[in-house]
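Got a new model open and wondering where the labels come from? Let's go through it with a few plain questions.

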Amino acid sequence: MEPAGQDEGQQPLVDRRISVADAFEGSEDIALARDLARSFLTGVQAVHGLPVSGRAMGMVQLVVSELVTNARKYAPGPCLLTLEVNEGAIEVTVWDSNPTPPAVLAPDPTRIGQHGLEIVMAVGQSFAIHREPVGKRITTAIVLADDPGGDVAGHQL
């Protein structure tokens with residue numbers, strides 16, 4: 001009998017890459033980016049049998065929305081969104097053409113606006129900014145399934 005998610009002659013599911021990527025150019029594409037995230041996670045659960053909590057589904061869509069919005073707002077040209085399942089989490093990466101790293105502001109409940117990266121950092125398991133030969137890449141990871149003990153996935157501030 002083959003292990004779950006593995007056919008004869010194939011790699012085990014955990015060793016296969018599950019990812020999707022798309023480019024977005026207009027502000028109307030932010031909704032399309034969220035749709036891509038939702039449909040990708042739905043497929044990860046339905047096709048590959050990996051658990052995706054309702055919280056993870058919502059958090060990934062929120063993170064995608066925040067990162068793609070920032071890329072569209074502060075960088076000329078298209079941005080590239082990549083979603084990849086890696087060790088029980090989904091890595092959300094957004095590349096844009098602006099090499100300037102975003103300002104990561106300290107939490108301030110009196111500030112109006114500019115809370116996007118604060119939110120991304122609060123709900124993600126990790127957060128990294130990488131300068132590229134052209135532009136930059138921002139990556140965060142969201143745990144796909146909440147802790148069976150009831151603890152919310154991600155890191156706490």
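This is a predicted model: local features need pLDDT of at least 70, side-chain atom pairs count only at pLDDT 80 or more; totals for chains, interfaces and linings use all residues.

Q: What makes up the chain, in helices and strands?
A: The chain has three helices and five strands. Of the 157 residues, 36% are buried.

Q: Which residues touch the most other members of the largest nonpolar core?
A: Val64 and Leu81 do, in a core of 31 residues. Several elements supply at least two residues each: β1 (18–24), α1 (29–46), α2 (54–74), β2 (79–86), β3 (89–96), α3 (116–123) and β5 (136–143). The top contributor is α2, with eight residues.

Q: What is Leu81 in contact with, leaving aside its neighbours within four places in sequence?
A: Leu81 is in contact with Val20, Ala21, Asp22, Phe24, Ala33, Leu36, Val64, Val92, Thr93 and Val94. To count here, heavy atoms have to come within 4.5 Å.

Q: Why is the pair Glu84 and Arg17 called a salt bridge?
A: The label asks for a side-chain nitrogen of Lys or Arg within 4 Å of a carboxyl oxygen of Asp or Glu. The side chains of Glu84 and Arg17 meet at 2.5 Å, N to O, so the pair qualifies. The structure holds five salt bridges.

Q: What does the Glu84 and Arg17 pair tie together?
A: Glu84 sits in strand β2 and Arg17 in the segment before β1, so the pair joins parts that are 67 residues apart in sequence.

Q: Are Asp96 and Lys136 buried or exposed, and what makes them so?
A: Asp96 has 5% relative accessibility, under the 20% limit, so Asp96 counts as buried. Lys136 also comes out at 5%, so Lys136 counts as buried too.

Q: Why is Trp95 called partly exposed?
A: Trp95 has a relative accessible area of 25%, which falls between the 20% and 50% limits, so the label is partly exposed. Trp95 is in strand β3. Leaving aside neighbours within four places in sequence, Trp95 is in contact with Pro78, Cys79, Leu80, Glu132, Val134, Gly135, Lys136 and Arg137.

Q: Why does Ile129 count as partly exposed?
A: At 31% relative accessibility, Ile129 lies between the 20% and 50% limits, so it counts as partly exposed. Ile129 is in strand β4 (residues 126–131). Not counting residues up to four places away in sequence, Ile129 touches Pro101, Pro102, Val104, Lys136, Arg137 and Ile138. Take Pro101: it is 28 residues from Ile129 in sequence, but the two are 7.1 Å apart in space, C-alpha to C-alpha.

Q: What lines the largest pocket?
A: The largest pocket is lined by 24 residues, with Asn70, Tyr74, Pro102, Ala103 and Leu117 nearest its centre. Two or more lining residues come from each of α2, β3, α3 and β5, and α2 gives the most, with seven. By kind, the lining has twelve nonpolar, seven polar and five charged residues. The volume of this pocket is about 490 Å³.

How values were computed:
Residues are numbered from 1 along each chain as its sequence is written. Side-chain values use heavy atoms; hydrogens and water are left out. A nonpolar core is a set of buried Ala, Val, Leu, Ile, Met, Phe, Trp, Tyr and Cys residues joined through side-chain atoms within 4.5 Å. Buried means under 20% relative accessible area, exposed over 50%, partly exposed in between (1.4 Å probe, protein chains only). Helices (H or I, at least four residues) and strands (E, at least two) are DSSP runs, numbered from the N terminus. On a 1 Å grid over the protein atoms alone, a cavity is a set of points where a 1.4 Å probe fits but cannot get out, and a pocket is an open set with protein on both sides within 12 Å along at least five of seven lines; lining residues have an atom within 4 Å of a point. Grid points are joined across faces, edges and corners, and a volume is the space filled by probe spheres set on the points. Ala, Val, Leu, Ile, Met, Phe, Trp, Tyr, Cys and Pro count as nonpolar, Asp, Glu, Lys and Arg as charged, and the others, Gly among them, as polar.
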